Amino acid sequence: MFVQSNTEYLAELEAQARAEDQARQAEQVAASLAAYVEKCWQAAKNAKSDIEEVMFSALRQRNGEYDPGILEKIGAAGGTSTIYMMLTDEKCTAAASWLEDILLPADDKAWGTRPTPVPDVPPQMEQAISQKIMMNAQQIMMQTGQQIPPQAMQQLLEEMKEKLKQQVEKVAASEEEKIEREIEDVLLESNFRRAFREFIDDLVTFPAAFLKGPFIKLEKRLVWGANGERAAEDTQVLGFERVSPFDIFPAPLSRTMDDGYIIERHRFTRSDLLDLRGLPAFNADEIDMVLMVYRFGVGGLRLDATDTNTREYLEGRRNWQDDPEGRLEALQFWGRVQGSMLLEYGMDDSQIPDPLMEYDAEVWIVGGRVIKAELNGDPLGRRPYHKACLRNKPGSFWGQSIPQLIRDVQDVCNAAARNLVDNVAMSSGPQVMVDVSALQEGEPVEDIRPWRVWPINRYDMGGASAKPIEFYQPPIVVNELMALYQWAAAEADNKSGIPKYSYGQGGESGALKTATGLSMMMKAATKQIQQVVRNIDNDVVEPVINRVFEYLIYFFNKPYRGDIKLIARGSSGVLVKEQLQVRRNEFLQLVLSSPIVHQIVGDMGIAELLRAHVRDLDINADDVVPTPEQIQQQAMMRQMQMMQMARQQQAMAAAQGKGQPGKPQKPQQLEASGATKGGKQAALFGGARAMGGPVEEGQAYLVGEDGPEIIVPDEDGTVIPNANTFQSRDPSSPMSLMGDSQRNAILGQLAQRGEQLEWGGKSYDPRSLMSQQVAQRFGFQDEQTGTIDPRFQQVFDYAFNLAQGGASR
């Protein structure tokens, strides 16, 4: 037996009342937020009513169906034919195929990356440069006691920034291929191509087309488990989808996707709604309540059955109401909501600092219940929707599509076709006129057949010349009606910008008979479709690719470097792609036919040209053309073989006693291939002597002050390097006959061994010579007295001792 005191009982009742009151308040708050969204929905729906009628009409045109009002007029006028010429569908299909070829090429992509012309340097890097320059300036001031002019420091800062920008640009150029590969992989796995094809079909059919994405979604994918088995796992991935124009409702005064609010209408099954419970920010309790209401049939969750019936019928989903699974319709609202509503709903104060301000939010409602409400996660307040129109109308959210552009022409073609069919049917036989008063009573006048006998009353005919039966043949006007139809069909080419010859029809007359004429006409047609591609490039492709790039950086933490700009090149590719292929062929022929150009371009350049040709054939270039490393290896092998053959020939010539003994012969200079300039061959490679050194007879050495050359001396000797790179003040000095590199090597070796340099009967200290050389070059030696700055000498001695100590160690 449970005993409870009055105090405990009253406290329990108070807690229960408080909980009920809080639940009621929360429901009222949610209801107020839902009421605001539904109010926006009603305003957007009413503003879109005329556009929906345009879309229904466009869909009927593509399906080949008359509007109900026109069908009634045809019947009232006595027309017997309801034939519908599928001109609109023909133009829409051709336009969609053309746009797919441009924007979804099978062997390429309609976008790319490139470094920005003026790369942005991160502020922290600029700050680090400034700090480094200041520290260096302070050290110089402490050592020299001299103040560095501000102009010099500013100039140095600008030079450092410019070098940094160049470095950023180089880094960005090296990242291009990696970024394109990553983005292409995301697009491949996120259903982009399929969604984009559906988007293009909407574009040519409706006043506007919509692509949603990228957005993050949970998707089951097969992954490798810890033990090597395959298992299904929920993975966060980026997704794209086409949104039907029937399901997008912009604000009445909107002109773009980010102007005012926008509402998307969803259709969910019960399982679709259940899947939302596991996603962030969705209210599982409210979703359960919606499912319970839907289960017991309480309240209507469909938003507009009348419009739904028309749409489902035109889209081929007949008898949808008989589906036992059914659909729940939800509204996804994107727009500005007052902060007080969001605070009342339960958002944190840190997210909503000012209740009077309006915040970009995303709100979902189903059946008057809010199942999700959160702030827009995009830092710029963008919505994950992209819109494009076949032809934009300035100042309007909606544009024009092919069915709208050729609506009148389609009506003319339909009228001409209907009358042509009716005329042919009418003129297929004569019209019969019967004087029933001249026939005997009871004769069936409808019974007209060969060898029919007609009993008549001559007296009733009113004379012998009267005819009881006469025939009239209606004229046939097929030619006139065909001319009208052909004129209207040609007008459809002009209005839509999709001529018949662009998709393989109507090319049998005039300029279209020749390949040149057809090419000219195709270029003219290309100019008309190019504007459509520009609309898609600017409004869809570039924003989508940039958003994917941002997701890879900020959400998936991809470590890209450099200042990268992503561009859509669909419109430019229309005119340039085929021209580039022709120019590339011409250039390759020039390279292969001209030895001079062949030598300038080299094997590497020719290989790159061949790679471009092979890629155009959709073949892996690495399977056909050698890599740069392989080309270098092949060149080295050929050179070694030529040198080996030259040495063998020279040895054979020496063995046979060729040449004149005692008469020195000039060294032979070789090409890179190993052949001498006289057609002879060289010996085995003996090393490089560009800095001087001993040479042996019969060996090949690499020399050359104006460029690499190979010589083969006929006797032993020494190569003296060019001394013009540095001249001592004293011509008798040993430094006057040596270049910098050679001199440094000799003096360094002597100093390390502690030996003196013997020259011209005199001894020189290698350390003093090196000190004199460096002091003269960098201005630390007085030009008149030849005295070396003591501070420089101190630094030089310290560095020399340190280097010698390191060498000895």
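Student: Hey, quick one to start: is Asp67 buried or exposed?
Tutor: Asp67 is buried, at 16% relative accessibility. Buried means under 20% relative accessible area, exposed means over 50%, and partly exposed is in between (1.4 Å probe, protein chains only). Keep in mind that this is a predicted model, where local features need pLDDT of at least 70 and side-chain atom pairs count only at pLDDT 80 or more, while totals for chains, interfaces and linings use all residues. Residues are numbered from 1 along each chain as its sequence is written, and side-chain values use heavy atoms, with hydrogens and water left out.

Student: Okay! Which residue does Asp67 form a salt bridge with?
Tutor: Its partner is Arg60, and the closest N and O atoms are 3.4 Å apart. A salt bridge here is a side-chain nitrogen of Lys or Arg within 4 Å of a carboxyl oxygen of Asp or Glu.

Student: And is Arg60 buried or exposed?
Tutor: Arg60 is buried, with a relative accessible area of 13%.

Student: How many salt bridges are there by that rule?
Tutor: The count comes to 28 salt bridges. Some are linked in a network, and one such network joins Asp247, Arg265, Arg311 and Glu315.

Student: What about Arg197, which residue does it bridge to?
Tutor: Arg197 pairs up with Glu100, with the closest N and O atoms 3.5 Å apart. Helices (H or I, at least four residues) and strands (E, at least two) are DSSP runs, numbered from the N terminus. Arg197 is partly exposed at 36% relative accessible area, and Glu100 is partly exposed at 24%.

Student: Back to Asp67 and Arg60. Which residues line the largest cavity?
Tutor: You'll meet both of them again: the lining is made of Ser57, Arg60, Gln61, Glu65, Tyr66, Asp67, Ile70, Tyr84, Arg407 and Asp411. Helix 2 (49-63) and helix 13 (407-427) are the elements that give two or more residues to this lining. Helix 2 gives the most, with 3 residues.

Student: What counts as a cavity, though?
Tutor: On a 1 Å grid over the protein atoms alone, a cavity is a set of points where a 1.4 Å probe fits but cannot get out, and lining residues have an atom within 4 Å of a point.

Student: How much space lies in the largest cavity?
Tutor: About 50 Å³, where a volume is the space filled by probe spheres set on the grid points, which are joined across faces, edges and corners. The structure holds 1 cavity of 30 Å³ or more.

Student: How many bridges join strand 6 to strand 7?
Tutor: There are 9 bridges between strand 6 (residues 328-338) and strand 7 (residues 358-366), which run antiparallel. As an example, Gly335 stands opposite Ala361 in strand 7.

Student: How many residues of strand 5 are buried?
Tutor: Strand 5 (residues 262-268) is mostly covered, with 6 of its 7 residues buried. It pairs antiparallel with strand 4 over 3 bridges and with strand 6 over 7 bridges.

Student: Last one: where is Glu443 found?
Tutor: Glu443 is in the loop between strand 10 (431-434) and strand 11 (469-472). It is partly exposed at 24% relative accessibility. Glu443 forms a salt bridge with Arg452, the closest N and O atoms being 2.7 Å apart, and Arg452 is buried at 13%. Glu443 and Pro455 are 12 residues apart in sequence and 8.0 Å apart in space, C-alpha to C-alpha.

Note on methods. 1 Å grid on protein atoms, 1.4 Å probe; cavity = no way out; pocket = protein on both sides within 12 Å on 5 of 7 lines; lining within 4 Å. Pairing = 2+ DSSP bridges.
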